[in-house]
Every structure is written in structure tokens, then in C-alpha cells.
Amino acid sequence: MGSVSVGRPNRGRLVRGVALEESEHVAVKSSSRGQHFGTAELVTLLSRVAGRVAERSPGGRLHVGDLSRESGGRFGPHRSHRSGRDADVGLYLLDAAGEPILTERFYDIRRDGTARQDPTVRLDDARTWELVEALVSDTETPVQFIFLASHIEARLLAEGRRRGVSEELLSRVDAVIDAERQHTNHMHVRIYCPVDDVPRCDEEPPYHAWVDRTAAREATAMAHAEDARRRTIAARAARRRRARTTRTRVSEATPPPTAVATVGATSGRSAPGSSTAGAP
Ligand SMILES: [Zn+2]
């Protein structure tokens, strides 16, 4: 039995999580050990893209941070990383001599490509571009999002243009990267649901033009329709229960005819001597 991503990245869990193995091309950040579990698809993707980069530009190592806990679930300070589909991936870095290095912590990359924590360290635009290219081109495990600071995305797109890659590839990279301001020292990669994990794995748009999510979307739509049907049946049953309870209460509240007569007779008799009401 393989891994299963259950629910959503921000409200889910991971069944039979697989640990990302270190290798010649992959290093796990020391502070992320024990929280480097993902679906089999995610960890395999990371190893595969690290291998692609190493093939084209030997010498570097992909530096991987947090994935999910072994069984997923809540994982502060992250809001997502709960269902084995998310990975924090370090940017490739170069030292002053232009050699690839791994730093203990992820360094923030500034607009000019240097690291805020140590200006002799800078972004390895070439390998990081190759990483992004490999991620958006992987057909086995399609990537839905890469969250990355917009100034780093701009550097990577410039690297792609320098290399004369196709407009199609550039627009693909641009579509997958969700540019924002936070991710200045790593990229956050999210894969689509592994198809056999759907519908337990709950997938949401966007669906990129080049990925075929027909099977996953149909399974998700069917699961949602089934959920809605179950909810309707449950709501109907609850309404019927409420109606029954109300009817019972009404019949309890209405005294039988004989009781009415007695009550009427009693109150009629006691009415003139109203002092009985206040009597102890
Ligand atoms: Zn993250």
C-alpha cells in the first residue's frame, strides 16, 4: 500500500508518509529532519528534479526543508504542509568563488542576487532556473504551485530568456510561480493530488493548461456530488426528526379533555377566593 494524501494541504493529513532520502543530489536541512515526509509522488519528484539539475550542471545539491510530519496534520508555523503535497525547497546558492554551497539556514536573496545574511553568497540563477524548469516540465507528477518572491521569479525568467528557451516554457514558469513577497529564501512547491489518492485527496483549481486532470476532476466532482446528496438526506432526516419532536411536545402540552374540564372547574371555584394562590 502506498502513501495517501488526505484532504487539503491546509486541512488534511498523510497516510503512510514516505521520508525523503538524502543522496548525492539531495540534502535535507538539519532542522527539517523528522518533518521531511511526503507522498511517494512528492519525494520521488524532488529526487528526480535534483537529478535533472545535477545532470545538466554537476556539483550542486538540492537543499530541502520542511515537507510534512510522518502522518501529516497541523504543522506550525506553516498553514499548509499537512497532507504531504507541500515542500519547502532551498534555492541553489554559490559562494564567492562561484562554487555551489549549502548553508545551514536558507538565506534571503535580494534583488541583486546576493544573500542578505552573507553578501559573498549569491543565488545560483543557472541551477535554480534548471530546477524550476524541471519542476514545471515533469509529466509524472505535475506541479500546481511554486510560491516564490516576485523579484526572484524575475531573475529566473531573465535567466530563461538569456538561454533562449521557448515562450511556452517561460509562460508555464510564470503560471506556476505564484509571485508574492514572503518566499525570499526558498520556494514552496505544491503538487496536484496523486491521481489514485483522489477523491480522499481534495483537489482545487487552478488547473494549468498543460496538465490533464480530467480523471482527478471527475472523481472529485463525483465525490462532491455524493457528499451533497448525503448532506441533503441527512438534512431531510433531521427535519423529520424535528417535526416528530414538535408534534410530540404539542400533544404533551395539550391536556386531555377530562383534565381541561377539571382544571376549568377548579379554577372556577378558587377564583373568588384568590387568596389561595398566595397561600403557602
Ligand atoms: Zn512552505
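**Close-up views of a predicted model**

**View 1. The largest nonpolar core.** Of its 52 residues, L46, V132, L135 and I146 touch the most other members. Helix α1 (residues 40–56) gives the most to this core, with seven residues. A nonpolar core is a set of buried Ala, Val, Leu, Ile, Met, Phe, Trp, Tyr and Cys residues joined through C-beta atoms within 7 Å. A residue is buried if 20 or more other C-beta atoms lie within 10 Å of its own, exposed if 12 or fewer, and partly exposed in between; C-beta atoms are placed from the backbone. In soluble globular proteins, nonpolar side chains tend to be buried together. This is a predicted model: local features need pLDDT of at least 70, side-chain atom pairs count only at pLDDT 80 or more, and totals for chains, interfaces and linings use all residues. Residues are numbered from 1 along each chain as its sequence is written.

**View 2. L135 and its contacts.** Which residues does L135 touch, not counting those up to four places away in sequence? They are V49, V143, I146 and V189. Two residues are in contact if their C-beta atoms, placed from the backbone, lie within 7 Å.

**View 3. Helix α3, residues 150–162****.** Helices (H or I, at least four residues) and strands (E, at least two) are DSSP runs, numbered from the N terminus. The buried residues of α3 are I152, E153, R155, L156, E159 and G160. Seen down the axis, they fall within an arc of 160 degrees, so they line one face of the helix. That arc is taken over the directions from the helix axis to the C-beta atoms. On the other side, A154, A158, R161 and R162 are exposed. The cover over the buried residues includes β10 (122–123), α2 (125–137), β11 (143–149), α4 (167–176) and β12 (177–180). After α3 comes G164, with a positive phi near 70 degrees.

**View 4. A sheet of three strands.** The sheet is open, in the order β9-β8-β10, with antiparallel pairing. Its edge strands are β9 (100–101) and β10, and each pairs on one side only. Strands pair if DSSP finds at least two bridges between them. Two bridges join β8 (residues 93–94) to β10. L94 has R122 of β10 as its bridge partner.

**View 5. D196 in its loop.** D196 sits in the loop between β13 (186–191) and α5 (214–253). Is D196 buried, exposed or partly exposed? D196 is partly exposed, with 14 other C-beta atoms within 10 Å. The C-alpha atoms of D196 and S3 are separated by 9.8 Å, though these residues are 193 apart along the chain.

Technical notes:
Expected span 1.5 Å × (residues − 1).
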